[in-house]
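The sequence and the structure are shown first.

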Amino acid sequence: MNSTNPSQAVLPPGSRLRLFTFAAPARFYALMGALLPWLWGLTIVLAAAGLYAGFFVAPTDATQGESYRIIFIHVPAAWMGMLLYLVMAFWAGIGWAFNARMASMLARAIAPTGALFTFLALWTGAFWGRPTWGTYWVWDARLTTTLILLFLYLGYLALVNAIDDVKRGDQAGALLALVGSVNVPIIYFSVKWWNTLHQGATISFKQAPTMATTMLVAMLIMTFAFWAYAFATVFMRTRAMVLEREAHTAWVDELAKGRMPS
């Protein structure tokens with residue numbers, strides 16, 4: 001790198017800009033710093049629109065009444081909890097296989113956000129279950145496997161932070177994440193494999209949606225809001241890890257002297 005300032009990093013003459021060039025911590029730090037304000041703004045706008053559409057515009061459900069509105073938080077949170085675990089396992093595996101520092105940092109950064117969404121899915125599911133099933137919790141296949149997912153997130157976080165050697169911690173966490181990824185398809189197919197209280201898929205690619213269009217649009221908007229939030233928090237956390245792990249490098253020293261420009 002010809003410049004110690006990540007925001008002014010220049011590629012060698014004649015080289016072409018490729019996506020993988022942002023795997024360099026300095027370039028990643030600079031790019032994510034530019035994206036974060038937009039991601040937070042998008043999160044706020046989409047969340048406000050989704051909550052308004054879900055709680056004030058969508059019609060009352062004929063069977064469940066007003067209690068069904070928890071789905072506008074519950075369902076997107078459940079989707080994100082499962083998807084983020086697979087993404088975390090993917091980056092952890094890439095970091096382990098190719099000794100890619102940024103991949104391992106991304107995996108670590110994803111875990112807290114994935115755990116938060118999984119907890120939110122369980123918590124809102126309990127409030128939805130009380131008027132629907134008459135109880136906050138049952139040892140249903142979908143609920144139990146989702147609880148296991150939360151434990152896997154927490155186990156990953158505990159494991160990587162318990163090992164002082166960062167590289168060994170990344171490798172141990174990757175092994176746990178990859179093994180635990182088997183649980184995600186079990187969660188998804190649990191309502192088909194076993195006779196459970198939990199309803200089937202809210203949206204299916206094989207058939208038209210059974211919910212009103214307003215309900216579907218509100219749910220999708222909230223899903224995009226959660227996506228934007230996930231990107232924002234993961235990138236913020238990864239940038240902090242980059243500074244911690246690269247503290248000895250010249251470009252971080254330059255950032256410190258310049259009062260940490262984004």
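The sections below proceed from the whole chain to one helix and then to one residue.

## Overall architecture

The model is predicted. Its secondary structure consists of eight helices and zero strands, so that the order of elements from the N terminus reads α-α-α-α-α-α-α-α. The chain has 262 residues, of which 44% are buried.

Among contacts between residues at least 6 apart in sequence, 72% link residues at least 24 apart.

## The nonpolar core

The largest nonpolar core comprises 61 residues. Those with the most contacts inside this core are Ile-71, Phe-72, Tyr-85, Met-88, Tyr-153 and Phe-235. At least two core residues come from each of α1 (25–57), α2 (71–98), α3 (101–133), α4 (141–162), α5 (166–180), α6 (183–193), α7 (213–245) and α8 (250–257).

Phe-235 illustrates the packing. Leaving aside residues up to four places away in sequence, Phe-235 touches Phe-28, Met-32, Leu-36, Leu-39 and Leu-106.

## Helix α5

Helix α5 has 15 residues, which at 1.5 Å a residue should span 21 Å; the C-alpha atoms at its ends are 21 Å apart, in agreement with that expectation. The buried residues of α5 are Gly-169, Asp-170, Gly-173, Ala-174, Ala-177 and Gly-180. Because these residues cover an arc of only 135° around the axis, they lie on the same side of α5. In general, an α-helix has 3.6 residues a turn, so residues three or four places apart point the same way.

Arg-168 and Val-179, on the other side of α5, are exposed. The buried residues of the helix pack against α2, α3, α4, α6 and α7. At the start of α5, a side-chain oxygen of Asp-165 comes to within 3.1 Å of the backbone nitrogen of Lys-167.

## Ser-190 in helix α6

Ser-190 is located in helix α6. This residue counts as buried because its relative accessibility is 0%, the cut-off for burial being under 20%.

Two polar partners of Ser-190 can be described. The side chains of Ser-190 and Arg-142 are joined by a polar contact of 3.2 Å.

Note on methods:
Residues numbered from 1 in each chain as written. Predicted model: local features only at pLDDT ≥ 70, side-chain atom pairs only at ≥ 80, totals over all residues. Heavy atoms only, no water. Core = buried A, V, L, I, M, F, W, Y, C linked by side-chain atoms within 4.5 Å. Buried < 20%, exposed > 50% of the residue type's maximum accessible area, 1.4 Å probe, protein only. Helix = DSSP H or I, 4+ residues; strand = E, 2+ residues; numbered from the N terminus. Contact = heavy atoms within 4.5 Å. Expected span 1.5 Å × (residues − 1). Arc of directions from axis to C-beta. Polar contact = N/O pair within 3.5 Å; in protein donor to acceptor, adjacent residues only side chain to side chain.
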